[in-house]
Every structure is written in structure tokens, then in C-alpha cells.
Amino acid sequence: MRESLLRYLVCPRDHAELSLSADTRDGDRIATGTLRCSACQAEYPIRHYVPRFVADDQYVASFSHEWTRFARTQLDSVNGTDISLQYFRNSVKRAPADYAGSLVLDAGCGTGRMLELFADVEATVIGIDLSYAVDSAVDNVGKHPHLHVVQASIYDLPFRPATFDFAYSIGVLHHTPDPERAFRAVQDVVRPGGDVGIRVLSKRMVGGVNLDWIFPLFLYRHVTRRARPDHLLAFLKGYVPVACSLRRIPLVGQFFRWLLPVADYHGVHPLDDEQLRQWNILDTFDRFSPRYYFRYSDADLRAWFPSDRFDHFERGTFPVSARGRRASASRT
């Protein structure tokens, strides 16, 4: 971390100020050290340039494994595409450049896929994640002086209320134990007049009826989410190519699309064969492995942005994505 980050951090227990003790430095970056709360005297270590406000990765061990194995797969700078940029834009109907001069929170930064989009934007951006993906994130983006990475729980953010100009959580909240509570935690650290943007997984709705229950994925997950991440990943390396091939067989392919859930980006993403293979395995793992896997409708999401808390609401281009503007202090 850099000392400039300290001005934004507080103890997640009591929101008191933190003091910094640096053990080792690498230029202007603190590689190891300790943050100490001025009130409760709690200590939080800094390891591998990352301040750690949690003792372990709790319920996201599968993501720790995933983002160590696929640390750079989804970075636009590595795969030579603008997939992540378009993902961001289609989720929140804004571009990173729209937040130049702002203080921004990435709630669930993973390996820094979205953080990287702000590399050339004059904004201060802090990414938090519960998983050990933070180690990959700081390796990927930590050298940019205005991009910061913190390991913390979304339910106990180490920031004061009304701190950020913009906060986003894209593809993350549905993997938490209580997604709506997680959303409220994110919105609480955004100032009145600031923006909150999110995207969550969408239910399969037909005529107002949720049909998720007829898809085998939710049956398979009773087993796969309990599997060791390394064992599941080894299985998926064989399963994913076979499932993708079967799904493309004329006529019977529709049956296999139902029977064999898999991420298949053939003809969707402009990736070479190896990139496509990695991406398909990664996103299939992301469906089978998480402990929590909630899905929502557009109506569900709209209820998260009540008019007494938000004075503007706009749906994203993607299903079940949106951006809202926090109402002025007089309305909350």
C-alpha cells in the first residue's frame, strides 16, 4: 500500500483512525507493516503490499483458488480485447473516464479486471475483495499510484460512511451470504449525490415465472460446490471442451445445452482458441464452485433502489444491472 491510502482507511469495527507502522518498503510502496486502531487497538497486517482487515478468506476459498489460477485471463491489457471495458459500460451505463477526479470503490475487485480500466483515468480507485485474489490484483495493477487494493469483507468495510463519489460491484454480490445487505453496505459508503452501480446474476424468467429450478446446474451444485477447488478445476478441464462440442451438434445440441451447463463463448468473444478455452473453464468454475449463487429479476433489483434513498435510477444494458444516484442528505 501507499501512505496516501491511509487517509481513506478506518478501523472496520469502530471507524476510528488508524496509525501506520511500516516494516519494509519498495520505493513509495509499503510491502509489510501494521495498521493499528487508535480506539480499540486492533491491529491489521500489511502483507504483499495489501492491508488485511480479515484473518482469512472465509466463504470464498473457491475464488481464492480461481483467481490465483486465472490471475490475468480477463485483463483487457493481456487478452488484447475490450471485453472488460464493455462489461463495465453495459452494467453501469458509464465509462471509467466519466469518473475522472472522483474517489471510486470497486467492491469485489478480484484480480483487478475493472480496476485496470481506471489506469489512465485521473481518479483514486480502491478495490476490496475478501478472497486472496487481492494478491493477484496488486501484482496486476498495484504499481499505478492511484489504484489501491485492500482485503476486507464487504459487510465490514474499512471506510467511513459517505466517503466515495462512486461505488460499483459487478458480478459479485450474488456470491455473498446476503446480497441485499451487501448492497446496502456498499451504498452506505457513497456520499449523497454519488453513484452506485451493480450487476447480479439474472433469473430465467418466462411470463413472470422463475424457471431456474428446471435447469440441472442447481442440482449439480449440491455436489460441485462442496468439491475441493483443485479437484473441481481438474474435472472441468476435461468437461468443458466436451460439453461445448456436444452443445453445437445439430438438433440434439439443444438437449445438451440444457443437460450440460457450461460457459461457452464461442462466437461471442474475440479470443484466440487458448484464450477461449481458459475463459470457458474459468466461468464454468465460477458457476459450479461458489458457496453462494443467488439470481435475481429486474424487479428484484429495482426494489434495491428505493426512491427515499436514490433520486435517479437507470437500468444497465445487461439484464439485472443498474446505476442509481444517492439522494441528498435531506431525503435520507
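Tutor: Gladly! Let's begin with a cut-off: a residue is buried under 20% relative accessible area, exposed over 50%, and partly exposed in between. Keep in mind that this is a predicted model.

Student: Why is Arg325 called partly exposed?

Tutor: The relative accessibility of Arg325 is 33%.

Student: What makes the contact of Arg325 and Asp311 a salt bridge?

Tutor: The cut-off is 4 Å from a side-chain nitrogen of Lys or Arg to a carboxyl oxygen of Asp or Glu. For Arg325 and Asp311 the N to O distance is 2.8 Å, and the side chains do meet in a salt bridge. Arg325 belongs to strand β13 (residues 321-326) and Asp311 to strand β12 (residues 310-315), so the bridge ties together parts 14 residues apart in sequence. Asp311 has a relative accessible area of 34% and is partly exposed.

Student: How many salt bridges does the structure hold?

Tutor: There are 18 salt bridges. One of them joins Asp165 and Arg191, with the closest N and O atoms 2.6 Å apart. This pair links distant parts of the chain, since Asp165 sits in strand β8 (residues 164-170) and Arg191 in strand β9 (residues 190-199), 26 residues apart. Arg191, at 31% relative accessibility, is partly exposed.

Student: How do you know that Asp300 and Lys203 form a salt bridge?

Tutor: Their closest N and O atoms are 3.0 Å apart, and the limit is 4 Å. Asp300 is partly exposed at 25% relative accessibility, and Lys203 is partly exposed at 26%.

Student: Which residues are linked in a network of salt bridges?

Tutor: Lys93, Asp195, Glu314 and Arg323 are linked in that way.

Student: Why is Leu219 called exposed?

Tutor: Leu219 has 59% relative accessibility, and the class begins over 50%, so Leu219 counts as exposed. You will find Leu219 in helix α6 (residues 217-224).

Student: Now the opposite case. Why is helix α4 described as largely enclosed by the rest of the structure?

Tutor: Helix α4 (residues 133-141) has nine residues and seven of them are buried, so it is largely enclosed. The buried residues are Ala133, Val134, Ser136, Ala137, Val138, Asn140 and Val141. Their cover includes β2, β4, α1 (61-69), β6 (124-129) and β7 (147-151).

Student: What makes a group of residues a nonpolar core?

Tutor: The members are buried nonpolar residues joined through side-chain atoms within 4.5 Å. The largest such core here has 68 residues, and Leu105, Ile126, Phe159, Trp304 and Phe305 touch the most other members. Helix α7 (residues 229-247) gives the most to this core, with seven residues. A second, separate core has 26 residues, among them Val92, Phe118, Val121 and Val125.

Student: What does Phe159 touch?

Tutor: Leaving aside residues up to four places away in sequence, Phe159 touches Tyr8, Leu9, Val10, His15, Leu105, Ile126, Ile128, Phe164 and Val189.

Student: Why are β1 and β4 called edge strands?

Tutor: The open sheet has four strands in the order β1-β2-β3-β4, with antiparallel pairing. Strands β1 (18-26) and β4 (50-51) each pair on one side only.

Student: How do you know that β2 and β3 are paired?

Tutor: Pairing needs at least two bridges. Strand β2 (residues 29-37) and strand β3 (residues 43-47) have four, in the antiparallel sense. Gly33, for instance, has Ile46 in β3 as its bridge partner.

Student: One last item, the backbone. What is noted about the phi of His48?

Tutor: His48 has a positive phi of about 50° although it is not a glycine. His48 lies in the loop between β3 and β4 and, at 32% relative accessibility, counts as partly exposed. Ala162 also has a positive phi, near 60°, and is placed in the loop between β7 and β8.

Methods. Residues numbered from 1 in each chain as written. Predicted model: local features only at pLDDT ≥ 70, side-chain atom pairs only at ≥ 80, totals over all residues. Heavy atoms only, no water. Buried < 20%, exposed > 50% of the residue type's maximum accessible area, 1.4 Å probe, protein only. Helix = DSSP H or I, 4+ residues; strand = E, 2+ residues; numbered from the N terminus. Contact = heavy atoms within 4.5 Å.
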